[in-house]
Every structure is written in C-alpha cells, then in structure tokens.
Amino acid sequence: MSEHFMGVDLGSTTAKAVIIGADAGMVAWRTVQMGAVSREGMRQAVDGALESAELRRADIGRVIGTGYGRRLVPGVDRTFTEITCHARGVAAACPGVRLVIDIGGQDSKAIAVDRDGFVEDFAMNDRCASGTGRFFEVLARALECEVDELAGLARSGSEDLEVSSMCATFAETEIVSLLAQGAEPPDIAASVHRAVAARTLGLVAQVGKRRPIVMTGGVAKNAAAVHALAEALESELIVPPHPQITGAYGAALLALETYEGAPPRRAADLERAEESAAAAFAPQSSPSCADCEVSDSTARSVVLGLPIPVRRP
Amino acid sequence: MVADYWENVFTARERGQQVVWYNGSAVNPIFQAAGLEWCHGEAFSARLAAQQLEKPAQLAAEEYGYIGELCSYARTHLGCAVLTQQARSEDQTGVVGLIDQQELASRLPAPDFFVNAYAGCSTGQQWDEISYRVFGKEVPIFNVSLPFLWGNKPDSGYLRGREWDEASQYVARQLHDLIAFVESMTGRPFDWDALREAMTYIKRASELRREAMELCKAAPTPATYWDWIASIAHINFLPATQELVDYFQAVKDEIVKRLESGIPGVQNERYRFYFDGIMNWNKLGWLAKKFAAHDVAMVCGRYTHNAFWQEPHLIDTDDPILGMAQHYLLCPTNHGTKTLKYLTNRDCEEYGVDGIVFHASRTCRAFTNPQHLLAKAAQRELGIPSMFFEGDVADASFYKDEILESRLVAMLETIDLRRSRATA
Amino acid sequence: MTQPSAGALSTLIEIAENPTGYVTRWKTATGGKAIGAFPMNFPAEIAHAAGVLSVVVQESREPITSGRNLLTEFYCGYTRNLADQAARGRLDVYDGFFLADHCIQLLGAVDVVREEGNRPVYFGQLMASMGDPWTRTAVDGKMLSFREELAEFTGRTIGDADLARSIRLFNENRRLLRSVFDARRAGDATFTSAELQALVKSSMVMDKEEHTALVRRALAEARAARRDGRIRLHLSGHFCHAPRPELLRAIEDCGAIVVDDDLFHGTRYISTDVREDVEPLAALSQWYLDRNVSVPCPTRVQHDVDWDAYLLDSVRASGADGVIVLMAKFCEPHMLYYPELRKALNAAGVPNLLIETEHEGLPLESVRTRVEALLERIRHSQLANA
C-alpha cells in the first residue's frame with residue numbers, strides 16, 4: 001500500500017501540485033505561476049512538491065490530473081475535470097459547503113454541491129474573459145499597477161463609475177477613457193470590482209444561490225474582489241487560506257479514493273479527519289489584504305479531513 | 001399622464017379590476033372599450049430600464065435559466081413574471097434580494113389573461129407562450145397572428161398590393177375573434193361605441209402628432225427625435241381620451257411657437273441625422289446629450305416616424321377594425337428590406353438628412369435585420385453616410401461607449417471634409 | 001450521380017459535407033432546376049412533384065468574411081453563414097429559394113439572399129400558432145400558394161397524382177431512416193452519432209429515391225454493433241442547422257454514447273409521415289400540424305404539447321442517463337424554452353448540460369471539460385445509488 005497521493009492542477013496561468021498521505025492529510029504543496037499552460041511550470045510544481053515532501057515520484061501511489069492541461073500531466077493515472085476536483089477539495093476542506101465560486105485566470109465557475117459533497121450543477125463562463133482573473137490583469141495594465149495592488153486601490157475608491165463594457169478587450173479602452181475624463185484610479189478599480197461581482201452574480205444565478213458559499217481560485221486572494229462579491233450576493237463568503245490549491249487538493253483526494261489498495265476507513269478516522277480539516281484549512285470570511293500575500297511554497301504536514309466516505313471503484 | 005397610467009395598473013387588483021398582459025401591437029383600445037386594465041410587457045420592461053430598475057428582474061430571469069443574449073424586453077418581463085408567480089406561491093428566489101423581489105412583484109399585478117399580437121418579430125409570440133407556461137398554463141391566452149409583409153410580388157409595396165389587402169383582412173377577422181374572446185373573459189358584451197370613441201381620439205391625436213412632425217422638416221428643426229421618443233408612451237398605450245388629444249395639441253402648439261420664435265431643438269444645429277434602431281431606454285439622456293454635444297440634430301427615425309398609428313387616414317372611426325388591423329401590420333419591423341429602403345430613403349430626403357445612425361441593438365434582431373442593407377442603399381442611392389453602434393433596448397451591459405464616440409467623430413469629420421470640398 | 005465504387009456510407013458522408021457538389025452534379029445529369037429551401041418546415045414534396053430538387057440549405061464550414069458586413073455578429077451561426085454564402089455567390093447553384101418559417105433572424109438572412117442575389121425568393125409564412133380555430137384554413141391556403149408558386153417557377157402544373165407519388169417516396173425515405181434511429185434507441189450502435197447525422201443531412205440534400213437506395217446499401221454494408229457500457233446520453237435541441245460532427249465525436253470520445261436525440265438533423269426531421277389516404281395538399285397541411293405533436297418545437301406555439309414532457313418521455317424510453325442540450329448561440333426560441341426543459345429535467349433528476357455552439361470554431365477543451373464533468377457527476381450518482 002502506497003503512502004502518498006498527488007493531485008496536479010494545470011490551469012491557464014498557474015500549475016499546482018498537492019501531495020497527501022494515506023490518511024488524507026496534506027504533506028506538501030507547490031504553486032508555480034507561468035502565465036500560460038506550460039509543461040515546464042507543471043514540472044516545477046510537481047518537483048517542488050516532491051522536494052518539499054522529501055519524496056520521489058516512485059513513492060506516489062497514484063496521480064490525478066485536473067485543469068485545462070490535465071492531459072499534459074506526465075504519468076497521470078487518470079484525469080478528472082476541475083469541476084469535480086474543486087467540489088471534492090472544497091467539500092473536504094469546508095464541510096457543509098453548498099456553493100463553490102471558483103474564479104481563475106481565464107474562466108469562472110459556479111458549482112452547486114449537494115449534501116454529500118458531489119457536484120449537483122455547474123455553470124462556466126464560455127469564451128469571454130469578463131469577470132475572470134484576466135479581466136483584472138487588463139485593469140492593472142490600464143491603471144499601470146501590479147495586479148496585487150488592485151485590491152488596496154479598490155478599497156480606497158468611493159465613487160461608483162459606470163464601466164459600460166464588460167468585454168476584456170474593450171474594457172481597456174473604457175478604462176483609459178475614464179482616466180482621460182479625470183476619473184480617479186481607486187474609483188475605477190472599485191467600479192470594475194463591482195462590475196465583475198455583478199457578472200459573477202449572473203453565473204451564480206444559473207445554478208441557484210445556496211449557502212454556505214466558498215470562493216476559490218486565484219481571484220479569491222484579491223480581498224476587494226471577495227468583498228464586492230459578498231456584497232453582491234448579500235452573503236458571507238468563506239475563503240480557505242489557500243484558495244488556489246483546492247482543485248489540486250481535490251484531485252489528490254480522488255487519487256487516494258480511487259486507489260486500488262486504499263485501506264478501508266473507520267468512522268472514527270473520518271471524524272478525526274473532519275475535525276482536523278476544519279482546523280487546517282480554517283476558513284475565514286473577510287480576508288484582509290495581508291492574506292493576499294500567501295506564500296508560494298510551504299511544506300506542511302497537516303491532516304486534512306474527508307467528510308464523505310471513501311469510495312472505491 | 002404616464003405616471004398616472006402606471007399607478008392605475010399597479011392598483012388594479014385593489015380596485016377589483018381585471019388585468020390583461022399583452023405584447024406587441026397597440027390593441028389597448030379594445031381593452032379600454034372592454035373596461036380592462038392593460039399592461040404592455042415591452043413598455044413595462046422599457047420603464048424599468050429607463051428608471052434603472054431592470055437589474056433585479058434580469059437577474060431573476062437569469063436564475064430561472066434565460067440566457068443573456070435573449071431579447072432583453074422578454075428577459076426583463078419574464079423575470080418579473082417569475083417573481084410575480086413566486087410571490088403567489090411565496091417562494092423565494094436565491095439571488096434577487098427579498099426587498100427587490102417583493103417590490104417588483106407587487107408592482108406588476110398578475111394577469112387575468114394574455115393577449116399576444118406581435119408583428120415582425122417571431123420572438124414576440126414565443127415570449128408570451130413562455131409567460132403562459134411560467135404561469136403554469138393556467139392563465140388564458142389569445143394569439144393574433146400578424147403576417148410578415150415580405151413584399152415580394154410586383155404589385156406589393158407600402159400600403160398597396162394583394163399581399164397588403166389580404167393581410168389586412170386576415171388580421172381584421174382575427175380582431176373580431178379577439179373581441180369575442182375578450183367578451184368571454186369579462187362576461188360582458190363588448191362596447192363598440194366605446195371603441196369607436198377611443199379610436200376617434202387616437203385618430204385625432206395621431207393627426208396632430210404627424211402634423212407636428214411635418215413641421216420638423218424645417219432647418220434648424222424645432223424638435224428632435226428624442227422629443228418624439230418622450231411621447232411614445234402616450235401614443236402607444238395611454239388611454240385614448242380627450243386628454244390624449246390635448247397632449248398632442250400642446251406638443252404641436254409648442255413646436256409652432258418654437259418655429260415662430262426661432263428656438264431650435266439643438267443649439268447650433270450643424271448636422272441632421274436619422275436614427276434607425278429600437279430605443280435605448282437606459283441610455284436615453286446620455287445619447288441625446290452625446291449627439292447634441294456634437295451639434296447633431298437627430299431629426300427623425302424609424303422607431304418614431306414609421307410606427308404608432310402613423311397613418312391616421314386608414315382609421316375609419318365608424319368602423320375602426322380594419323384600420324386598426326392595418327396599423328398592427330405597419331410595425332416598422334414587419335416589412336421586408338425592400339419596403340424599409342423606400343421608407344428610410346423617403347424620410348432621409350424629406351428631412352434633409354446628412355447621416356444615419358444605426359443602433360445595432362444586441363438582443364433585438366427584428367430591428368437590426370435590415371440595417372446593413374439600409375446603410376448600403378442610403379449610401380448608394382442618396383450618398384448619405386452612416387455609422388453603427390452596438391447597444392441594447394433594456395440591457396446596459398452591451399454598450400461600448402468609446403466606440404460610439406470615435407465612430408461619431410469620424411463620420412462628422414467625413415461630412416465636414418465633403419462639405420468643404422463641395423464649397424471649395 | 002454518386003460514385004458507385006465507394007462505400008455507400010462514405011458517399012453519404014461526402015454529400016453531407018459538400019451539398020453544392022451534389023447539387024451541381026444532379027443539375028448536370030438531369031438538366032433540372034434546384035431550389036434552396038430554408039429550414040425547417042417547407043413542404044419539399046411539392047417541389048419534388050414539380051420535378052425540382054429541393055435542398056435544405058446547409059451551413060457551410062467557411063469562415064464568415066463578406067457576410068460580416070450584412071448581418072451583425074449577434075445572429076445564430078446559421079443565419080450569419082447564410083448571409084455570407086449569399087454575399088460570396090455560394091448559393092448561385094440554386095435557381096430559386098423557398099421559405100415557410102417565420103424566424104426573425106432567418107428572415108434577416110433570407111432578405112440578404114434576396115437583396116444580394118437575382119434569384120426568386122418566395123416566403124409563404126406558415127402560421128406558428130398551431131391551435132387556433134383558423135389555423136388549419138390558413139395553413140391550407142399556404143400549401144396552395146406553394147403549389148401555385150412552384151407551378152409558376154417551373155412552368156408546369158402539379159397534379160394530385162404527382163404529389164401523391166412524391167409523398168410516397170418521401171414517406172419511404174423517412175420510414176427507412178426512422179428504422180435506423182429506432183434501432184439505436186433499442187441498443188444498436190452500428191453508427192456513431194456523426195454518421196447518423198450524415199444520413200439525415202444527405203437526405204435533406206439528395207434526390208429522395210437515390211438517397212433511399214444509397215441508405216439501403218449503407219445498411220447492408222454496415223457491420224452491426226451493440227451498445228457498450230458507456231454512459232448513455234440524449235442530445236436535444238439544435239434546430240435549422242447541424243451541430244458540427246466533431247462536436248458529436250468529442251462528446252462520444254469523453255466516454256458517452258448517444259442513444260437518442262431530438263435534433264433537427266436527426267429525429268426531428270424524419271419524425272412525421274404525410275398521410276397517403278387523403279387529398280395530398282390537405283395531407284401536407286396535416287403533416288405540418290402533426291410534426292409539432294410528434295416532436296414539439298419551441299418555434300411553434302401550441303398549448304396541448306410540451307417539449308419538456310416529450311423530452312422526459314424520450315429519456316425514459318431510451319434509458320438515457322443524461323441530456324446534453326445543444327443550443328445554437330443566439331437562437332431565441334431555444335433560449336426562451338430552455339428554462340422549461342431544465343426545470344423538468346432537474347425535477348426528474350436527469351443530469352443535464354447546456355452547450356452553446358457558434359459558427360466560428362469549437363472550444364473543444366472547454367466542451368470536453370464540461371462533458372467530462374457531466375459524466376463524472378453521472379458516474380458518481382450511479383456509484384452512490386449502486
């Protein structure tokens with residue numbers, strides 16, 4: 001029986017790898033920014049996680065790939081979509097969750113989760129980048145600042161400006177034109193955040209709003225975006241401390257659960273695991289800007305829970 | 001007047017009045033004669049958009065499953081229908097705040113029955129069929145089917161030919177059936193005298209409106225397209241009374257006065273434009289100011305000048321049904337491009353137009369259909385340039401303001417250059 | 001007109017992919033006239049009886065260029081492509097055009113065909129409100145007008161005997177195709193969904209007698225296969241034009257098998273026969289009305305039939321595990337009806353997924369992600385309920 005399992009989430013702008021132990025506890029994780037789907041970024045994430053965990057590839061019993069580049073993951077045992085993986089990872093980290101809003105680099109999703117932690121319904125933006133991480137990149141470029149600085153900027157904005165186009169291509173023109181009219185960058189940033197939240201509300205409407213709501217994906221690290229969305233939804237949003245890796249974590253859990261030699265788990269194990277999950281992924285509802293600076297690679301050995309029974313094929 | 005009308009609709013239930021929801025043509029004189037309160041779906045959506053109140057309804061629609069590319073009139077109205085229906089069953093929607101939900105639901109009284117008489121756009125009839133389904137197929141509905149005036153035969157054209165005559169008769173027959181249906185809904189015999197009286201007021205109001213429009217061929221124009229937009233509600237669905245006639249008399253008097261005192265609709269009128277497209281209810285003021293700021297007088301347009309009881313001579317006040325049927329067919333989206341080219345070019349010539357602005361309205365294909373062909377025809381046959389901008393009837397998210405600005409400036413520069421060359 | 005040496009199925013696929021090539025060959029061989037008929041309800045039997053090849057104009061694969069300047073981008077892929085085909089002279093192979101359906105976007109495109117070309121374009125509007133006391137009379141009038149127009153177009157009278165013969169040939173073709181679709185519902189997997197689409201699409205293009213013979217050959221040549229253990233799906237929607245074959249293949253490649261559909265390029269087109277025991281024109285009117293009962297369509301308004309109920313019945317009958325709704329982006333009747341479908345499917349616990357299609361390209365990776373997520377969801381619930 002192998003002791004370790006890996007989930008690799010190859011998204012549009014970042015690669016994430018998570019290693020868990022046979023008890024579902026997280027052993028190591030690594031995220032790598034690449035700016036595009038890249039094999040190299042994925043290799044760095046996988047190697048980095050292995051290095052942190054002081055493991056070799058051969059020590060990993062099963063690897064599950066997810067994300068847009070899921071088929072590019074070498075040695076992958078099977079793939080799951082990021083929809084299934086996000087639902088799985090978030091349901092484990094935040095037991096009882098009913099709605100996951102995941103906003104990544106190029107797409108956004110609303111995933112309704114049933115009481116057992118399974119995907120009940122989902123909606124994705126199609127080809128348009130409005131309301132995604134890409135949209136914030138456009139905003140940062142137009143305002144000539146870093147993406148990380150947007151949240152701080154947005155929080156100091158007070159005036160509500162009309163951003164007439166939500167198309168990522170035309171938004172840049174709109175923003176430049178607002179600047180030309182003398183609008184203040186903080187007001188523009190705040191207005192764009194509100195506009196993105198309104199767009200996301202539409203996505204949520206497609207699957208139906210339900211609580212509790214967890215937000216994941218890179219944009220969940222932007223406190224202003226979370227705040228604007230919470231206001232639009234008129235609801236508290238739970239953001240796990242490492243919202244970018246819930247998909248990879250879900251993939252790792254699925255690797256464990258679909259592993260041929262997985263040991264049968266007793267109810268007591270599950271209960272203990274569930275308790276530690278809540279502590280380890282300790283969700284918070286109002287992230288401050290300090291939370292945006294999540295360190296990229298930290299080897300941790302904590303036990304994460306599995307609130308739903310292990311199922312083997 | 002308009003506020004009073006809506007207040008009347010909103011309080012219909014309290015006053016024990018029967019309410020009919022209808023879409024498309026102005027069949028309201030029939031409802032007026034039958035003693036009903038009438039609520040026009042498109043007008044209600046337009047009103048929400050004009051008051052910037054459309055978002056909760058559109059969100060409720062999205063939650064129910066309507067995609068954002070669907071006709072925003074339909075989407076907004078169906079959102080309200082969903083909320084009204086939910087209020088009946090005391091359900092709560094997830095995404096629309098409870099206060100917005102209650103507010104909207106209380107505004108729009110549930111219908112006792114539907115009447116659909118939609119010309120031009122196929123979506124119109126389908127929309128009410130879906131409203132009927134949203135209300136659990138329990139509210140009776142009557143469909144008037146209005147044939148599209150394709151204008152294919154050698155003898156066919158505006159107000160003429162076999163196609164026009166046959167369609168007029170076909171619709172007139174259906175209006176008689178509609179009246180029988182209304183009688184069955186109210187349980188009262190229909191008051192034909194009341195209909196004749198209502199149509200007499202409408203005919204007079206329309207004549208005054210057309211006479212006033214005619215005065216705007218003067219340069220500079222005393223009133224603009226935007227002024228005519230402001231009186232759409234009146235001519236389209238307000239009760240047909242002496243008050244309506246007085247209103248349009250006052251409009252005409254005002255225009256005469258402006259002409260006499262040399263007060264233009266736009267200060268420094270330098271360009272005269274034609275506006276083609278359905279109205280941009282949520283950007284009305286913005287658009288009016290935008291064009292005025294560039295010294296553009298929008299003198300006329302398809303939506304205002306080729307719709308809304310625009311041919312009053314067709315109405316026989318003693319026997320108004322045929323003339324009513326004909327006006328329902330004369331919706332400006334119910335003609336093939338052949339006829340629309342004739343109407344557009346005619347108006348452009350008569351009003352001395354320098355350029356055409358096409359509002360390509362994202363979710364209204366009925367209005368957008370012939371626009372590129374019309375633009376080509378105006379350029380080819382009259383040498384009139386045109387510009388396009390994308391917007392929408394009731395969904396503000398489709399605008400790209402900067403593009404409109406740069407295209408407008410570019411077109412004005414072209415017109416200036418051509419003028420300077422002509423005088424050189 | 002077809003290559004006798006090729007396998008019959010590949011010939012049919014080739015014709016489905018290149019209708020213009022077939023029409024050109026047919027015209028050369030017969031010296032006859034061909035008309036382009038726009039979807040979905042033109043009674044092609046009347047044209048056939050007049051000796052005319054009536055072809056349902058198909059979406060072409062070319063990127064839209066000239067047409068961009070004729071119809072704006074927020075029209076469905078089919079109508080935008082039609083305008084483009086007209087502007088580029090791709091429809092010149094047709095001697096005339098016939099339309100029976102009032103769809104506002106389609107009318108916009110057909111107006112471009114009329115304005116940009118020099119061929120006759122006839123529009124006989126079949127009323128869409130199916131249950132009014134005057135519906136039947138109005139439809140009868142239109143059928144008569146189609147006969148008059150086609151007589152004028154061809155310069156020959158169309159007798160009842162000609163019409164009855166055409167109706168028999170069309171019925172035979174529909175019956176044959178239906179037998180293939182019925183077999184699929186019952187567990188046959190001889191043809192992939194892309195191949196079935198080619199069978200129907202080629203029927204929309206070809207002379208019916210020739211098509212029937214070719215399909216018979218294809219059936220005889222095919223090696224029978226039974227359905228395997230893949231997840232069973234029903235494909236719903238997509239009117240007027242065909243969803244791309246590569247989309248159908250992508251869905252099946254994700255680990256699904258299509259067991260039924262209500263697509264226009266599928267069950268919907270072949271659903272209803274014309275009665276042979278009544279006067280032919282009256283039979284065609286009845287066919288138009290019956291069609292919406294066989295497979296309800298959101299482009300029609302009819303209170304006593306429900307597409308949602310039809311869909312649930314189909315899913316139960318075929319044993320489909322889930323439904324993929326294929327929607328041509330911007331198709332308004334479909335957008336209007338979709339929430340009713342979703343509500344019914346969700347209430348019945350049938351997992352479902354909406355995929356919108358456009359003329360330009362197919363975001364295959366995004367489609368795969370969504371289809372796979374649907375299949376994962378179905379598999380999960382199957383395991384949970386096991």
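**Close-up 1. The end of helix α3 of chain A in the predicted model.** A:Glu144 follows α3(A). Its phi is positive, near 55 degrees. The helix itself spans residues 133-143. Its buried residues are A:Gly133, A:Phe135, A:Phe136, A:Val138, A:Leu139 and A:Ala142.

**Close-up 2. The buried face of helix α10 of chain C.** This helix covers residues 245-253. C:Leu247, C:Leu248 and C:Ile251 are buried in α10(C). Viewed down the helix axis, these buried residues fall within an arc of 100 degrees, so they line one face of α10(C). An α-helix has 3.6 residues a turn, so residues three or four places apart point the same way.

**Close-up 3. Surroundings and end of α10(C).** The buried residues of α10(C) pack against strands and helices of chain C. The strands are β5 (231-237), β6 (256-261), β7 (322-328) and β8 (352-357). The helices are α8 (193-205) and α15 (364-385).

**Close-up 4. Crossing of helices α3 and α5 of chain B.** Helix α3(B) holds residues 41-50, and α5(B) holds residues 72-89. Their axes come within 9 Å and cross at roughly 90 degrees. The two helices are therefore roughly perpendicular to each other.

**Close-up 5. Residues at the α3(B) and α5(B) contact.** From α3(B) come B:Gly41, B:Glu42, B:Phe44, B:Ser45 and B:Leu48. They meet B:Tyr73, B:Thr76, B:His77 and B:Cys80 of α5(B). Four residues of this contact are nonpolar, four are polar and one is charged.

Notes: Residues numbered from 1 in each chain as written. Chains lettered and ligands numbered in written order. Predicted model: local features only at pLDDT ≥ 70, side-chain atom pairs only at ≥ 80, totals over all residues. Buried ≥ 20, exposed ≤ 12 C-beta atoms within 10 Å, placed from the backbone. Helix = DSSP H or I, 4+ residues; strand = E, 2+ residues; numbered from the N terminus. Arc of directions from axis to C-beta. Contact = placed C-beta atoms within 7 Å. Axes fitted to C-alpha atoms, helices over the stretch in contact; angles between N-to-C directions. Parallel < 35°, antiparallel > 145°, perpendicular 65-115°, else oblique. Nonpolar A, V, L, I, M, F, W, Y, C, P; charged D, E, K, R; others polar.
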